[in-house]
Amino acid sequence: MPAGRDLTADDLPQLSYLDNVVSETLRLYPPGPIDLRKSISAFDFEGHHIPAGTSIIISPYVTHRLPELWPEPTRFDPSRWSHQRKPAPYEYLPFGGGTHRCIGSMFATTEVKTMLAHFVRERRVELLSTSDAAVGLATMRPKHGIPARVLS
Ligand code: HEM
């Protein structure tokens with residue numbers, strides 16, 4: 001991060017580690033862990049016949065933890081985004097995919113990166129609990145919040 005001056009929007013593309021942390025967080029804990037669709041007509045997929053009117057559940061949470069796509073899938077490892085191959089669109093889908101893909105994805109990632117970049121630069125924080133628990137049906141969030149103490 002640039003020393004001796006305020007951050008600006010132009011700095012964000014240079015902050016590749018921050019990028020990796022946000023990507024890795026959305027991989028392990030996609031805020032939308034499941035997505036729903038209903039087939040409007042019958043189709044065949046991977047040897048399965050899907051009749052019209054079938055409810056289909058797609059899970060980014062499960063997809064993001066498949067070991068054949070993500071080595072050591074449960075490990076929080078931001079560096080994988082620098083050395084692993086780039087995932088295909090349907091291998092990494094925190095913002096969904098296809099025609100209904102989130103229109104706010106750029107806004108959301110820019111917002112979280114801006115907030116985080118300022119926060120870690122200006123504050124020291126002590127984590128009081130390392131609980132990994134996350135719950136969610138419609139959305140995923142830490143079960144007991146993230147208790148932390150702001151030190152400075
Ligand atoms: C981290 C933040 C966000 C996450 C994880 C997220 C996730 C998603 C996902 C998974 C979908 C697809 C739903 C589906 O396919 O059924 C979606 C759709 C959508 N998102 Fe987001 N979203 C985020 C932030 C935002 C923001 C900031 C906006 C608006 C400024 C937004 C607006 C929308 C809209 C309008 C759709 C519906 C698109 C459509 O149906 O064509 N989202 N979002």
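Cys102 sits in the loop between helix H3 (80-83) and H4; helices (H or I, at least four residues) and strands (E, at least two) are DSSP runs numbered from the N terminus. Cys102 (SG) is the single protein donor to the iron atom of the ligand, 2.2 Å away. Donors here are N, O and S atoms within 2.8 Å of the metal (3.2 Å for Na, K and Ca), with water not among the atoms, so sites may look incomplete.

The model is predicted: local features need pLDDT of at least 70, side-chain atom pairs count only at pLDDT 80 or more, and totals for chains, interfaces and linings use all residues. Residues are numbered from 1 along each chain as its sequence is written, and side-chain values use heavy atoms, without hydrogens and water.

**Ligand shell**
- The ligand is surrounded by 14 residues, counted when a heavy atom lies within 4 Å.
- The closest are Asp35, Arg37, Phe95, His100 and Cys102.
- The shell has 7 nonpolar, 4 polar and 3 charged residues.
- Strand E1 (35-38) and helix H4 (105-122) each supply at least two shell residues.

- Asp35 places a polar side-chain atom 2.7 Å from a ligand oxygen atom.
- Arg37 has a polar side-chain atom 2.7 Å from an oxygen atom of the ligand.
- An N or O atom in the His100 side chain is 2.7 Å from a ligand oxygen atom.

**Largest pocket**
- The lining of the largest pocket has 20 nonpolar, 6 polar and 3 charged residues.

Methods. A polar contact is a pair of N or O atoms within 3.5 Å; within protein, one must be able to donate a hydrogen and the other to accept it, and residues adjacent in sequence count only if both atoms are side-chain atoms. Ala, Val, Leu, Ile, Met, Phe, Trp, Tyr, Cys and Pro count as nonpolar, Asp, Glu, Lys and Arg as charged, and the others, Gly among them, as polar.
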